[in-house]
Amino acid sequence: MSVRATARVTAVRDNRGATSLPVLESEGPLAPRRTRSLTAGSARVTVVGAMSGPLGGDRLAIEVRAEPGARLTVDSAAATVALPGPGPGSGPAHYEVRLMVGEGARLDWLPEQLISAHGSELVMRTTAELATTARLVLREEQILGRHAETTGTLFSRLSVRRAGRPLLDQQTAHGPGAPGGWDGPAVLGGHRAVGQLLVVEPSFEERGPKSRLLAPTAVLTRLAGPAVLVTAVAADARELRAVLDRAREELTAAAAV
């Protein structure tokens, strides 16, 4: 039997300048938990997977709101593994992430990897609505197949709007049923891990980092707005994380100048 569930997190700035969490709701396999933040004035939520999945036919969603002035980090306790459905005709699983960041707020969306297991089919959609002075750090990592297995089918789309205008809208497809060439030398080139890091920082409007290669299989691209996008492919999850972590450290330092 397929599962339909939505988790909701809302962060607000209180009258002491700290961030509180008036909404922390969970359903089904999505369990957001308040965890310790190491940054003053910031809140942290860790999403715990209470069940396996998503399985074919499931429809899961998580909604995160950082209200004006709030500071919030959302991560996860473990990787998300897309698995085949319980039987023939289950159809694809759907997983939707909806992020909203208000004026002067900051959201760090840093989940663990998404693993596309053999035989699975997942449609992943992430949308972000940002106010003009909002800050966003968003990391996505996709691992195509578990150890010694081929990948499932994964369709992924990321759409970001700032002040009501499009900032980024991109779609990728991997695995059986994806357009031809997805695993060719011009795309993955034999790599099994693909990821990206999006940083939206108002100060980058005037002095954002320049587009350039960060590594043989990683590139930093300055977007048309106060944002940069790092995209990378790697042999495995560990190598991919190392590349994206180095990029995040560099961009954090650049924003602080």
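**Pockets, strands and buried residues**

Author: The largest pocket has a volume of about 540 Å³. The model is a predicted one.

Reader: How do you know where empty space is left?

Author: A probe the size of a water molecule is rolled over the atoms, and this shows where the empty space is.

Reader: What makes the lining of the largest pocket, and which residues lie nearest its centre?

Author: The lining of the largest pocket consists of 34 residues, and Ser76, Ala78, Ala79, Thr80 and Tyr95 lie nearest the centre. A residue counts as lining because it has an atom within 4 Å of a point of the pocket.

Reader: Which strands each supply at least two residues of that lining?

Author: Strand 4 (43–49), strand 5 (59–66), strand 6 (71–76), strand 7 (80–82), strand 8 (93–101), strand 11 (121–130) and strand 12 do. Strand 12 gives the most, with four residues.

Reader: By class, what does the lining of the largest pocket have?

Author: There are 20 nonpolar, nine polar and five charged residues in the lining of the largest pocket.

Reader: Why is serine 76 called buried?

Author: Its relative accessibility is 14%, and buried means under 20%. Serine 76 therefore counts as buried. Its place is in strand 6.

Reader: What does the side chain of serine 76 reach at 2.7 Å?

Author: The backbone nitrogen of glutamate 112. With neighbours within four places in sequence left aside, serine 76 is in contact with Thr46, Val47, Leu110, Pro111 and Glu112.

Reader: How do you know that strand 5 and strand 8 pair?

Author: Two strands pair if at least two bridges are found between them. Strand 5 and strand 8 have eight bridges, in the parallel sense, so they count as paired. Within this pairing, leucine 60 stands opposite tyrosine 95 in strand 8. Strand 5 is also joined to strand 1 (residues 4–13) by eight bridges, again running parallel. There, alanine 11 stands opposite alanine 66 in strand 5.

Reader: What makes threonine 19 count as buried?

Author: The relative accessibility of threonine 19 is 11%. This is under the 20% limit, so threonine 19 counts as buried. The residue lies in strand 2 (residues 19–25). Its side chain reaches the backbone oxygen of glycine 41 at 2.8 Å and the backbone nitrogen of arginine 71 at 3.0 Å. Among the residues that threonine 19 touches, not counting those up to four places away in sequence, are Ala11, Val12, Gly41 and Arg71.

Reader: How much space lies in the second largest pocket?

Author: About 370 Å³. It is lined by 21 residues, of which Thr172, Val194, Gly195, Thr231 and Ala232 are the closest to its centre. Strand 14 gives the most to this lining, with five residues. By class, the lining of the second largest pocket has eight nonpolar, 10 polar and three charged residues.

Reader: Why is strand 15 called largely enclosed?

Author: Eight of the eight residues of strand 15 (residues 193–200) are buried, so the rest of the structure largely encloses this strand. Ala193, Gly195, Leu197 and Val199 point one way from strand 15, while Val194, Gln196, Leu198 and Val200 point the other way.

Reader: Which strand do eight bridges join to strand 15, and in which sense?

Author: Strand 18 (residues 227–234), running antiparallel. The bridge partner of glycine 195 in strand 18 is alanine 232. Strand 12 (residues 135–144) also pairs with strand 15 in the antiparallel sense, over eight bridges. In that pairing, leucine 138 stands opposite leucine 198.

Reader: Why does tryptophan 182 count as buried?

Author: The relative accessibility of tryptophan 182 is 19%. The limit is under 20%, so tryptophan 182 counts as buried. Tryptophan 182 is found in the loop between strand 14 and strand 15. Its C-alpha atom is 8.8 Å from that of threonine 172, 10 residues apart along the chain. Contacts of tryptophan 182, not counting residues up to four places away in sequence, include Leu144, Thr151, His174 and Leu188.

Notes
Residues are numbered from 1 along each chain as its sequence is written. This is a predicted model: local features need pLDDT of at least 70, side-chain atom pairs count only at pLDDT 80 or more; totals for chains, interfaces and linings use all residues. Side-chain values use heavy atoms; hydrogens and water are left out. Buried means under 20% relative accessible area, exposed over 50%, partly exposed in between (1.4 Å probe, protein chains only). A polar contact is a pair of N or O atoms within 3.5 Å; within protein, one must be able to donate a hydrogen and the other to accept it, and residues adjacent in sequence count only if both atoms are side-chain atoms. Contact means heavy atoms within 4.5 Å. On a 1 Å grid over the protein atoms alone, a cavity is a set of points where a 1.4 Å probe fits but cannot get out, and a pocket is an open set with protein on both sides within 12 Å along at least five of seven lines; lining residues have an atom within 4 Å of a point. Grid points are joined across faces, edges and corners, and a volume is the space filled by probe spheres set on the points. Ala, Val, Leu, Ile, Met, Phe, Trp, Tyr, Cys and Pro count as nonpolar, Asp, Glu, Lys and Arg as charged, and the others, Gly among them, as polar.
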